[in-house]
Amino acid sequence: MSLVAQNLSRHFKKAQAVKNVSLSLQPGEIYALIGPDGAGKTTTLRMLAGVLSPDSGIVEMDGSLLLKDESLRSRLGYMPQAYGLYADLTVTENLYFYGRLQGMKNAELRERSRELLSFVRLDKFPDRRAGALSGGMYKKLAIACAIVHRPQTLILDEPTNGVDPVSRRELWQLLFELSHHGVSIIISTPYMDEAERAHRVGVMMDGTLLAEGTPKVLLSALDGLLLKTEKISAAVLRDILLDHASVYPVGTGVHILSGSETDARKAIKILENKKVASRFQKPGFEDVFMYFSGGGDAGRFRSQP
Amino acid sequence: MRRMLAIAWKESIEIMRDSRTLTLAIILPVIMILLFGYAINMDVDHIPVGIADLDHSRESREFQQKLFSPGWLQKKTEHTNLEFLEKEMQRGNIKMIIVLPPGFAVSLKRADTAQVFAGIDGSDNMSGSMSMAYFQTFLALYEMRRMELLYGIDRDRAPGFESLPRIFFNPELESRYFVLPGIIVLTLAVLSALLTSISIAREWERGSMEQLIATPVRPWEILYGKLLPYIGISMIQLTLTIILGVFLFGVPLRGSLLNLFLVSLLFSVGALGLGLLFSSVIKVQIIAMQVSMIATLLPSVFLSGFIFPIESMTPIIQAFTYIVPAKYYLVMVRTIFLKGSGFAAFWAEAVFLFVFSMIVLNAATHKIVKRVA
């Protein structure tokens, strides 16, 4: 294990931001933490990065406590949500700065920055000020700064937030390459579709890690539970189905998610009686989130797997 | 050490590329010293006077000529109507009214008491009291001269006191010599703290502090790394103010330039540390700036002895001035500039500044907590 967190809890004033979260990262693994805003993802990642002390619980790297051993920080790369590159410094200067903070020497940094700029496709802009980079380029440079010292674990808080689809795809490509080189990565994202690209996914809500597993395992939990219907509004369906399912619009249709196969069968029967056509639907991660969060905001049930 | 130098390197680049910081660091001290140098002049000179010569005699004209020739008092208007002169004073055109009554010349010739009325503008305390002091000195000298003429007394042989005044360090009592060292203190105190007050708060506001915290960098490395380039800026500010003070305003630098730089280094480390302390506690640039401005400007102006003599303050306020670093620095700068003395003359002040700097830097280091909350 490259990183292990046990029973992390943290509160802010009266709000309990994170409750007893435990997770671990394998070398070369990409772990995606999904959940809505306020789920506790950022607080969890901050505690994993050692920039926030937990009220209780521990974070270990290679068997040592992160908060007790400053040297462990050089094995960690962290990119916070509000990543603040130095706008007046050039791309190369930003890399040099973070490299020097990690104790790297100039000769090593020259080689590493060339390699990294090529890796993040910024090799054409070494002298451009960070403040003049586009959103996607900025995020790529931020990742480069976070990995300049070759960390074994990388913590990324919503790195794809506010990035265009092309840059998002490129960022994920970078993560796959890092993972291929043995770097374990934990990434938080509000985009459910990104979870499918990870090796393992944790679903968070209200500060609690509701479920975790491979995308395949999590998706299979919804086998036979998800129906789709069209040409009828979610509000009308909710009145028809009452507590038998969670109903939420997805694209042009409406998804009907039951807590169990029995409830799904009941839902089909009710819809047939009302002459509403429905069919089973292959679930996506939005449905996984709705399932494990008990229906989210649109929830009518609180079933657990 | 390498991490501290990395912070110092990054900070230096940011300063050099940020025109606002550069303006604040280099242009503002020049503006301040020019503004204060020309504006703060405690030498009361050319005070505008309105005179009513109701005697119209040769003696009264001679009196006027002697009164105004040194230039301290300047005849702005002459009118026999006192109401007119009072209105002129109300408008602020004159600061003093002198009335030579009818019979002035006759009284002088008869060795009688010659009355002269003098009224000052009390709304301008400084020029009012100074002009009255000048006028009374003039009258005393004039009276003495009259005695010589009337009774043939030879002052050199007459018994009595003879004053042998000697003014040390500033024989001409040039207020510029006295004020400019104060402006150096003010410039260094205010601008040093102001520059660093935004330094750490800026890291918090743009989110880079969280990133710094995640690295192995230690709080003292952040603090001293940020301090180093600003020490350089303070020394540039000092150089500029010394050059302007000496070459533009003609203030003599009688002591050692090296001593001046050494004590300024001691003071600026404390002032910069104070800014860093505010910045690390407050974490919001604009508030940190305002707090450091108030915390440095007010004591430097009012409690350092720059403008108001500490001896004339109430005991409580006097006691409070003992914790104002600018007070000690001002003593040292004036001593070096005007007295030309060495460290032996101000070692106690230097020890205070050293202790103050250490306390402030220590407190600032402890306030840079490597956690986001």
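How many residues does helix α3 of chain A have, and how far does it reach from its first C-alpha to its last? This is a predicted model, and in it α3(A) covers residues 106–119, which makes 14 residues with a reach of 19 Å. That is close to the 20 Å expected at 1.5 Å a residue.

Let's stay with this helix for a moment. Its buried residues are A:Leu109, A:Arg112, A:Ser113, A:Leu116, A:Leu117 and A:Phe119. What covers the buried residues of α3(A)? The cover includes three other helices of chain A: α2 (91–101), α4 (135–147) and α5 (165–180). After α3(A) comes A:Arg121, where phi is positive, near 60°.

Now turn to chain B as a whole. Here you will find 15 helices together with four strands. With a radius of gyration of 28 Å, well over the 21 Å that the globule rule gives for 373 residues, chain B is more spread out than a compact globule. Its C-alpha trace spans about 95 × 45 × 40 Å along the principal axes.

Of the 373 residues in chain B, 49% are buried. Take the contacts in this chain between residues at least 6 apart in sequence: 78% of them join residues at least 24 apart.

As for charge, chain B has 33 positive and 29 negative side chains, and 11 Å separates the centres of the two sets.

How values were computed:
Residues are numbered from 1 along each chain as its sequence is written. Chains are lettered from A and ligands numbered from 1 in the order in which they are written. This is a predicted model: local features need pLDDT of at least 70, side-chain atom pairs count only at pLDDT 80 or more; totals for chains, interfaces and linings use all residues. Side-chain values use heavy atoms; hydrogens and water are left out. Helices (H or I, at least four residues) and strands (E, at least two) are DSSP runs, numbered from the N terminus. The radius of gyration is taken over C-alpha atoms; the globule rule is 2.2 Å times the number of residues to the power 0.38. Buried means under 20% relative accessible area, exposed over 50%, partly exposed in between (1.4 Å probe, protein chains only). Contact means heavy atoms within 4.5 Å. Lys and Arg count as positive and Asp and Glu as negative; His and the chain ends are not counted. The place of a charge is taken as NZ of Lys, CZ of Arg, CG of Asp or CD of Glu. The expected span of a helix is 1.5 Å times one less than its number of residues.
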